[in-house]
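Good morning, colleagues. Please take a moment with the sequence and the model, and I shall then go through them region by region.

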Amino acid sequence: MESVSTYLIITNNPLVVECMPADLAVEYHDVTYREVLVLVRDLVYAGHRMYTHPLSGSVKPNETPYKSIVVDKAPGTFSMEAANLMANALITFDKFKPLNVVYSDYHLQDFQLIDYTLLCGALDF
């Protein structure tokens, strides 16, 4: 991976905002997992390179409310491969029926930690 100074983390996970080092750019959005995918898709269409997979981890998209994805801070060249990956991620996400579960704070903290841990692994922290 590149230098951390080139990364931008798009997330809806408050733990990522709280725990990431100050030299990492974190863009927090109070949105759903699917909406994080749409935000990243739009960045990919604008030419931002994606460093982490939009469906990483073994937790199904309908089972967790949190997602963090790393992209380049600055746009570069449009990648059809990345655009297809994002389109397929949204299609895959939409295949899972919503569970309509109200999670306790305890469970939400667990899901935050899972997303944060996956992100740290991808960034080699």
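This is a predicted model: local features need pLDDT of at least 70, side-chain atom pairs count only at pLDDT 80 or more; totals for chains, interfaces and linings use all residues.

I begin with Asn12, which is buried, at a relative accessible area of 3%; buried means under 20% relative accessible area, exposed over 50%, and partly exposed in between, computed with a 1.4 Å probe on protein chains only. Asn12 sits in the loop that connects β1 with α1 (14-19). Helices (H or I, at least four residues) and strands (E, at least two) are DSSP runs, numbered from the N terminus. From the C-alpha atom of Asn12 to that of Val26, 14 residues away along the chain, the separation is 10 Å.

Residues are numbered from 1 along each chain as its sequence is written, and side-chain values use heavy atoms, with hydrogens and water left out.

On confidence, pLDDT is the predictor's confidence in each residue, from 0 to 100. The protein has a mean pLDDT of 93, and 97% of its residues reach 70 or more. Among the elements, the highest mean, 98, belongs to helix α2 (residues 33-45), and the lowest, 95, to α4.

Let us turn to the sheet. How many strands form the open sheet, and in what order? There are 3 strands, in the order β2-β1-β3, and the pairing is mixed. Two strands count as paired if DSSP finds at least two bridges between them. At the edges are β2 (25-28) and β3 (68-72), each of which pairs on one side only. From one strand to the next, the twist averages 25°; for such angles, axes are lines fitted to C-alpha atoms, for helices over the stretch in contact, and values run from 0 to 180 degrees between N-to-C directions.

Strands of a sheet pair through backbone hydrogen bonds, in either a parallel or an antiparallel sense. Here β1 (residues 7-11) is antiparallel to β3, over 5 bridges, and β1 runs parallel to β2, with 4 bridges joining them. On the β2 side, Ile10 stands opposite Glu27.

Are the residues of β1 buried or exposed? In β1, 5 of 5 residues are buried, and in β3 the count is likewise 5 of 5. In a regular strand the side chains alternate between the two faces of the sheet. In β1, Tyr7, Ile9 and Thr11 point one way, whereas Leu8 and Ile10 point the other way, and all are buried.

I now come to the loop between α3 (80-95) and α4 (105-123), where Pro98 is placed. Pro98 counts as exposed because its relative accessibility is 61%. The C-alpha atoms of Asn100 and Glu63, 37 residues apart along the chain, are 9.6 Å from each other.

Most residues other than glycine have a negative phi. Asn100, however, has a positive phi, near 50°. Asp124 has a positive phi too, near 60°. This residue, Asp124, lies in the segment after α4 and is exposed, at 70% relative accessibility.

My last topic is the lining of the largest pocket. Of its 21 lining residues, those closest to the pocket centre are Thr32, Pro61, Asn62, Thr64 and Pro65. On a 1 Å grid over the protein atoms alone, a pocket is an open set of points where a 1.4 Å probe fits, with protein on both sides within 12 Å along at least five of seven lines, and lining residues have an atom within 4 Å of a point. Thank you for your attention.
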